[in-house]
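Reader: Please take a close look at the disulfide of this model and at the part of the structure around it. A connected account would be welcome, with each term given its cut-off.

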Amino acid sequence: IEIGAAASLSVIGERLGAEFPLLPKMLRRFGSRAVRNRATLGGHLASASPSGDLWPVLMAMDARVRLVSMYAERDVPVASFADGEGVTTLRPGELIRSVIVPRATPEVLKHGGVQRRLCEAYKSAQRRHLTRAMVASAFCVDLDEEGIIRKAILAYSGIADRPLRARDTEKQLL
């Protein structure tokens, strides 16, 4: 599914929540309704906040950022888009066009050999709602028909100068 960079966070949560339940779960804790109505997905990513609430969710869902310029178009994994606090991998003249999230319907997962997908998102902050996360995390683990882990993504924000995946732990789970 391709989500336009100018889509408001409210619209994203409402329209995609059935297929991607991690999005509305984290968005309910993302500012007030008024903030979510004005905030955009592209703006959230462009700010490259190391404690951004949505980074771990998008990383866990294996999303990619589609970047465009007058001369080219390229996709960058969300996990590689932040390059430090307030810094992205945008090149001069590039804009964020959209975010692409792989489909996660039961039919699509089953076609890929996934019998069950376990996903969850968490946020720890001084207050539960309407505050910046101290730590946000999300994970998606895919199990085959024998219950063996075939794919694992564990992602965090607020613990370094950029959102990160726990790649060593992911490898150990496999």
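Author: A disulfide is taken here as a pair of cysteine sulfur atoms within 2.5 Å. The model is a predicted one, in which local features need pLDDT of at least 70 and side-chain atom pairs count only at pLDDT 80 or more, while totals for chains, interfaces and linings use all residues. Residues are numbered from 1 along each chain as its sequence is written, and side-chain values use heavy atoms, with hydrogens and water left out.

The structure holds 1 disulfide. Its partners are Cys119 and Cys140, with an S to S distance of 2.2 Å. The torsion about the S-S bond of Cys119 and Cys140 is about 115 degrees, and the disulfide is therefore right-handed. Distant parts of the chain are linked by this pair, since Cys119 belongs to strand 5 and Cys140 to strand 6 (residues 135-143), 21 residues apart. Strands (E, at least two residues) and helices (H or I, at least four) are DSSP runs numbered from the N terminus.

Cys140, at 5% relative accessibility, counts as buried.

A pocket is defined on a 1 Å grid over the protein atoms alone, as an open set of points where a 1.4 Å probe fits, with protein on both sides within 12 Å along at least five of seven lines; lining residues have an atom within 4 Å of a point. The largest pocket is lined by 14 residues, and those nearest its centre are Glu19, Pro21, Leu22, Arg117 and Cys119. Its space amounts to about 240 Å³, a volume being the space filled by probe spheres set on the grid points, which are joined across faces, edges and corners.

Strand 5 (116-124) and helix 2 (22-27) each supply at least two residues of this lining. The largest share, 4 residues, comes from strand 5. By class, the lining has 10 nonpolar, no polar and 4 charged residues. In this grouping Ala, Val, Leu, Ile, Met, Phe, Trp, Tyr, Cys and Pro count as nonpolar, Asp, Glu, Lys and Arg as charged, and the others, Gly among them, as polar.

Elsewhere in the chain, Arg74 is found in strand 3 (residues 73-77). With a relative accessible area of 19%, Arg74 is buried. Its side chain makes a polar contact with the side chain of Glu94 at 2.7 Å. A polar contact is a pair of N or O atoms within 3.5 Å; within protein, one must be able to donate a hydrogen and the other to accept it, and residues adjacent in sequence count only if both atoms are side-chain atoms. When neighbours within four places in sequence are left aside, the contacts (heavy atoms within 4.5 Å) of Arg74 include Val65, Leu67, Thr89 and Glu94.

Leu9, in helix 1 (residues 9-16), counts as buried at 1% relative accessibility. Leu9 and Leu54 lie 45 residues apart in sequence and 9.9 Å apart in space, C-alpha to C-alpha. Leu54 is among the contacts of Leu9, as are Leu27 and Phe30, again leaving aside neighbours within four places in sequence.

Terms used
Buried < 20%, exposed > 50% of the residue type's maximum accessible area, 1.4 Å probe, protein only.
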